[in-house]
Amino acid sequence: MNTKTSWEFGTRQVVFGAIGAALYGALSYVTNSLFPLPAAGNVTFRPAVAVLIFFGVAYGPWVGLLAGFIGNTLGDALSGWGFYWNWSLGNGLMGMIPGLVMLAITNYKAQADIIKAVLWGLGGAAVGMLVASLTEMFVGGIDLKTALVGYFTPSFIGNAVVIVILLPILMIAFAAVASSRGR
Amino acid sequence: MLVTWKYRPRNTFIQSLDPRTRLIFLGCVIFALTIPEIWDYRIIIPLFIISLTLLVMSRIEWKDIKRPLLFIFILVFFIVGLNGMLSGRGGPSSVLDPNSPVIFTVPLKIPGTDWGWSVPVTISKLWFSITQIFRMLTMALLAIPIPYTMDPNIYGTAFKRMGASDKVSFTMDLALRFLPTFVRDFNITLDAQRARGYEIEKLKGGIAEKIRRLAPFIIPVVMQSTVTGEEVIDAMDLRAFGTGPRTWLKSDLKYAFRDYFIISIGIIIFIGCCALKWGFGIGGFFIPDFFTNYFLG
């Protein structure tokens with residue numbers, strides 16, 4: 001399934017970047033409109049984040065970056081939020097950073113590889129949401145405390161819960177699909 | 001199989017425009033509202049009227065557009081509007097002005113107990129909520145008609161002719177084409193799981209259990225998409241994507257006078273909003289006197 005280098009950008013990355021972006025947008029739309037998950041305070045749970053991290057882990061950093069950036073931009077534009085470049089960038093980073101571990105994942109069913117992917121996914125969520133929250137200080141004029149407590153903490157906690165629960169399930173399911181395809 | 005948006009050719013002014021013109025105009029309005037952070041109703045309401053006019057001019061049949069409009073209205077009024085009114089979050093920090101007069105309080109208590117708290121709804125929060133609703137509708141009403149009035153075959157070409165690289169253009173093209181397909185696939189999977197007795201809306205247990213039990217809904221679509229992706233890659237590789245002449249470019253787009261006119265309006269809107277906000281300090285959040293007087297007499 002892996003390419004020779006993490007940073008290759010060919011047909012495979014174009015297609016899976018587009019599929020990742022479309023899945024991210026579609027799943028966000030469906031889960032928001034049909035059965036929004038309950039939230040506590042500002043914490044929201046977006047199951048689509050696990051799909052984004054999965055695409056980064058499985059297909060590399062370019063795919064994660066494109067899926068996060070384009071998926072978030074499309075979703076925001078179609079639902080009327082507008083274009084918040086810093087949150088699209090944050091989502092792109094959230095998908096890109098787990099992509100850096102792609103070459104180190106050899107068996108999607110192995111516990112060690114799953115833990116590795118989850119940890120990189122959490123790192124991606126931390127960096128992505130931190131960048132988006134801190135840039136909000138310049139874009140939205142908020143102070144550092146609001147950026148960290150009001151924006152970063154709830155978005156990171158919500159994403160982390162989703163990643164820890166859903167990413168291992170996606171990876172195990174993908175192992176079966178990948179072996180049956182022989183790629 | 002790819003599902004497309006319900007695009008059909010119509011003899012309208014909107015569809016006579018070059019697709020790039022519409023994307024550039026949409027971008028100009030979105031950037032005008034979000035980059036200089038416009039929250040002034042005197043700017044937002046005229047832009048809302050322009051968006052509404054363009055939506056009406058696109059002459060999309062009600063049966064086609066009622067579902068996305070309903071979704072947007074539920075999102076904007078009941079989720080964003082209520083959230084803005086109660087929390088005041090999602091906008092400038094001045095919305096949370098502690099000196100703003102309280103109109104009423106909303107008691108949020110755990111049923112059967114006295115535990116909870118009262119959320120004050122201030123004039124500032126209420127006006128912010130109304131402004132936020134119109135601001136979001138302005139952008140959404142411009143974006144909604146695009147999939148219904150723009151030929152899906154032209155997405156990639158439009159991005160390419162706007163200066164994006166082949167690969168980025170084709171990524172955007174594929175993403176826009178796959179989006180309705182995956183929405184359909186999620187709905188089919190949901191129906192299939194319901195037929196097996198899976199009541200996804202009545203998930204029991206804690207939040208972790210609720211997220212875990214979404215897996216039967218998410219996994220089939222995501223895994224099928226990876227298989228579809230391999231087939232699309234094979235098809236593109238067989239056509240030597242990225243190695244030679246761009247056979248996927250469908251037509252040669254040309255700007256007409258009307259395109260230059262609309263693009264000019266878009267640029268004027270963007271530059272005007274930036275100049276008003278950064279040059280004259282107009283466009284930030286404020287509560288008009290008539291609104292305050294309405295509540296304070």
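This is a predicted model: local features need pLDDT of at least 70, side-chain atom pairs count only at pLDDT 80 or more; totals for chains, interfaces and linings use all residues.
1. **Chain B, overall.** The secondary structure of chain B comprises 12 helices and 2 strands. In sequence order the pattern is α-α-α-α-β-β-α-α-α-α-α-α-α-α. Along the principal axes, the C-alpha atoms of chain B occupy a box of roughly 70 × 55 × 35 Å.

2. **Extent of the interface.** Chain B brings 58 residues to the contact and chain A brings 57. The buried area between them is about 5,300 Å². Carbon and sulfur atoms give 79% of that area. On the chain B side, B:Phe71, B:Ile211 and B:Glu230 lose the most area to chain A. Together these three account for 12% of what that side buries.

3. The rule finds 1 salt bridge between chain B and chain A. Its partners are the side chains of B:Glu230 and A:Arg12, at 2.7 Å from N to O. B:Glu230 is also one of the three residues of chain B that lose the most area to chain A. Polar contact across the interface comes to 3 residue pairs, both members at pLDDT 80 or more.

4. **Which elements of chain B touch chain A.** Six helices of chain B each supply at least two residues to this side: H2 (19-34), H4 (62-87), H5 (123-143), H8 (166-195), H9 (207-212) and H10. H10(B) gives the largest share, 18 residues. By class, the chain B side divides into 39 nonpolar, 8 polar and 11 charged residues.

5. Where does H10(B) meet a helix of chain A? From H2(A), the contact uses A:Val51, A:Phe54, A:Phe55 and A:Tyr59. From H10(B), it uses B:Ile218, B:Val222, B:Met223, B:Ser225 and B:Thr226. Of these residues, 7 are nonpolar, 2 are polar and none is charged.

6. **Salt bridges over the whole model.** Over all chains the count comes to 13 salt bridges. Among them is a pair within chain B: the side chains of B:Arg8 and B:Asp64 meet at 3.0 Å, N to O. B:Arg8 sits in the segment before helix H1 (13-16) of chain B, and B:Asp64 sits in helix H4 of chain B, so the pair ties together parts that are 56 residues apart in sequence. Helix H4 of chain B is also among the helices that supply residues to the side touching chain A.

Definitions and conventions:
Residues are numbered from 1 along each chain as its sequence is written. Chains are lettered from A and ligands numbered from 1 in the order in which they are written. Side-chain values use heavy atoms; hydrogens and water are left out. Contact means heavy atoms within 4.5 Å. Helices (H or I, at least four residues) and strands (E, at least two) are DSSP runs, numbered from the N terminus. Ala, Val, Leu, Ile, Met, Phe, Trp, Tyr, Cys and Pro count as nonpolar, Asp, Glu, Lys and Arg as charged, and the others, Gly among them, as polar. Buried area is the accessible area (1.4 Å probe) that two parts lose on being put together, summed over both. A salt bridge is a side-chain nitrogen of Lys or Arg within 4 Å of a carboxyl oxygen of Asp or Glu. A polar contact is a pair of N or O atoms within 3.5 Å; within protein, one must be able to donate a hydrogen and the other to accept it, and residues adjacent in sequence count only if both atoms are side-chain atoms.
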